[in-house]
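This briefing covers a cavity, a sheet and a hairpin. Please look over the sequence and the structure before reading on.

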Amino acid sequence: MVLVRTDSPRELDRLTRQLLGTAARPAAMPMDAWRDGEQFIIEVDLPGMKPDSLDLNIERNVLTIRAERPGIDQAREVISAERPRGVFSRRLFLGETLDTDKIAASYRDGVLRLTAPLSEHAKPRRIAINRDGRKTSAHRSPAGEREPWWRRLFGR
């Protein structure tokens, strides 16, 4: 089998997009992130990466994802090599509202999934109103429920 490429400008454009990416499609590690209730979920595409080549580090709310796809064996006769190889790295700046001590990670079918719960100080809470001069403290309502405003103001 012989592969012949005849469109040099198109090949140069493909290589440039692959190495530098575009605004709509980054070069490596495309991701999705969303909030689901009281947790944030991040999914990063890392197809073909071996799980032991993945490395996750967090320092001061900066999550670094590092992955490596080894180069092609030089003893092979390469006919086409279009998949990016080498070390890939991406940094995500996490907000102060996430509990970075409880981030969980899983890797399945080429997708790295990170789940980060909201920290306690970021969850909604009820603030009691002091009506008789004593100190009161803020506390969370059970199961995140909110009392009606009139009950908070006039009592039960």
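The lining of the largest cavity consists of 7 nonpolar residues, with no polar and no charged ones. The model is a predicted one, and the points below are grouped by topic.

**Cavity**
- The structure contains 1 cavity of 30 Å³ or more.
- The volume of the largest cavity is about 30 Å³.
- Its lining is made up of I42, L63, L94, L98, I103, L114 and A116.
- Rolling a probe the size of a water molecule over the atoms shows where empty space is left.

**Three-stranded sheet**
- Three strands, in the order β3-β4-β5, form an open sheet with antiparallel pairing.
- At the edges are β3 (55-59) and β5 (86-93), each of which pairs on one side only.
- On average, neighbouring strands of this sheet are turned by 15° against each other, direction ignored.
- Strand β4 covers residues 62-69 and is joined to β3 by 5 bridges, the two running antiparallel.
- Within this pairing, N57 stands opposite T64 in β4.
- In a regular strand the side chains alternate between the two faces of the sheet.

- Strand β1 spans residues 31-36 and strand β2 spans residues 39-45.
- The two strands pair in the antiparallel sense over 6 bridges.
- R35 has F40 in β2 as its bridge partner.
- Between the strands of this hairpin there are 2 residues, and G37 takes a positive phi near 70°.

Conventions: Residues are numbered from 1 along each chain as its sequence is written. This is a predicted model: local features need pLDDT of at least 70, side-chain atom pairs count only at pLDDT 80 or more; totals for chains, interfaces and linings use all residues. Side-chain values use heavy atoms; hydrogens and water are left out. On a 1 Å grid over the protein atoms alone, a cavity is a set of points where a 1.4 Å probe fits but cannot get out, and a pocket is an open set with protein on both sides within 12 Å along at least five of seven lines; lining residues have an atom within 4 Å of a point. Grid points are joined across faces, edges and corners, and a volume is the space filled by probe spheres set on the points. Ala, Val, Leu, Ile, Met, Phe, Trp, Tyr, Cys and Pro count as nonpolar, Asp, Glu, Lys and Arg as charged, and the others, Gly among them, as polar. Two strands pair if DSSP finds at least two bridges between them. Helices (H or I, at least four residues) and strands (E, at least two) are DSSP runs, numbered from the N terminus. Axes are lines fitted to C-alpha atoms, for helices over the stretch in contact, and angles run from 0 to 180 degrees between N-to-C directions.
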